[in-house]
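Here are a few exercises to work through with the model open beside you. Try each task before you read its solution.

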Amino acid sequence: MSVAFVILVYRFSVDVSLLVDSLIAQFGDNVLSDVFIVENFSSEISSKKLYLYCEDTAINFCGTFPNNGYGAGNNIGIKSALKAGYDFVSVLNPDTIIHNFPRYGWGEYCGGVVGPKITRNKKSDQNPYWAYKNSFLEYIIYVGALRHSRTLLYIGVIGHKFLKYIWQILQLFG
């Protein structure tokens, strides 16, 4: 299983090189050929800097495109990665730093979306989805997605939110 990394950039900055450095630290220099950068046109200067950065580091530069939004820009990178033969694509924001990324064992996630655990500098969850994993509610969300049932999806999400609030209240008094 091969994983490509797509980075959508608007205004080239040091964040891009910090992200690339974190990928190199985890996977080595060979990871550079697995990186696809799309420039969401911001200015001629930014586009040229990003192009030269990609050229110097042997990163795949997908080109500069009109800024049609986050999804459209990422789709250009995703299509480029899939066309190059990658099985999976990880979409990364330029201000991301990768600390622990499992590159193998993605086969169980076929046809789905895998998201990261986002932490603040203090190592606390930035957007905790649940207080603890509830397999039953996850199953309801899964079936809702398969059957295109908003009702089941809402039941699963609201159930998680309810459990999260109960957990937070217990933390106040516990």
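**Exercise 1.** How many residues does helix 1 have, and what does it reach from its first C-alpha to its last?

*Solution.* A word on the ground rules: this is a predicted model, where local features need pLDDT of at least 70, side-chain atom pairs count only at pLDDT 80 or more, and totals for chains, interfaces and linings use all residues. Residues are numbered from 1 along each chain as its sequence is written, and side-chain values use heavy atoms, with hydrogens and water left out.

Step 1: helix 1 covers residues 14-27, which is 14 residues. Helices (H or I, at least four residues) and strands (E, at least two) are DSSP runs, numbered from the N terminus.
Step 2: its span is 20 Å, close to the 20 Å expected at 1.5 Å a residue; the expected span is 1.5 Å times one less than the number of residues.
Step 3: look just past the end of helix 1, where G28 takes a positive phi of about 90°.

**Exercise 2.** Find which residues of helix 1 are buried, and what covers them.

*Solution.* Step 1: buried means under 20% relative accessible area, exposed over 50%, and partly exposed in between (1.4 Å probe, protein chains only).
Step 2: in helix 1, V16, S17, L19, V20, S22 and L23 are buried. Residues three or four places apart in an α-helix point the same way, because there are 3.6 residues a turn.
Step 3: the cover over these residues includes strand 1 (3-9), strand 2 (35-40), helix 2 (44-57) and strand 4 (88-92).

**Exercise 3.** Locate the largest nonpolar core and the residues with the most contacts inside it.

*Solution.* Step 1: a nonpolar core is a set of buried Ala, Val, Leu, Ile, Met, Phe, Trp, Tyr and Cys residues joined through side-chain atoms within 4.5 Å.
Step 2: the largest one has 20 residues, and F5, I7, L23, V35, I37, I59 and L92 have the most contacts inside it.
Step 3: at least two residues of this core come from each of strand 1, helix 1, strand 2, helix 2 and strand 4.
Step 4: another core, of eight residues, lies apart from it and has V6, L8, F36 and A81 among its members.
Step 5: pick I37 and list its contacts (heavy atoms within 4.5 Å). Leaving aside neighbours within four places in sequence, the partners of I37 include I7, V9, V16, L50 and I59.

**Exercise 4.** In which element is G156, and is G156 buried or exposed?

*Solution.* Step 1: G156 belongs to helix 5.
Step 2: G156 is buried, because its relative accessible area is 0%.
Step 3: beyond its neighbours within four places in sequence, G156 contacts L137, I140 and I141.
Step 4: I141 is 15 residues away along the chain, yet the two C-alpha atoms are separated by 5.1 Å.

**Exercise 5.** Find where A58 and H148 lie, given that each has a positive phi although it is not a glycine.

*Solution.* Step 1: most residues other than glycine have a negative phi.
Step 2: A58, with a phi of about 65°, sits in the loop between helix 2 and strand 3 (60-65). A58 is exposed, with a relative accessible area of 54%.
Step 3: H148, with a phi of about 55°, is in the loop between helix 4 (135-146) and helix 5. H148 is exposed too, at 74% relative accessible area.
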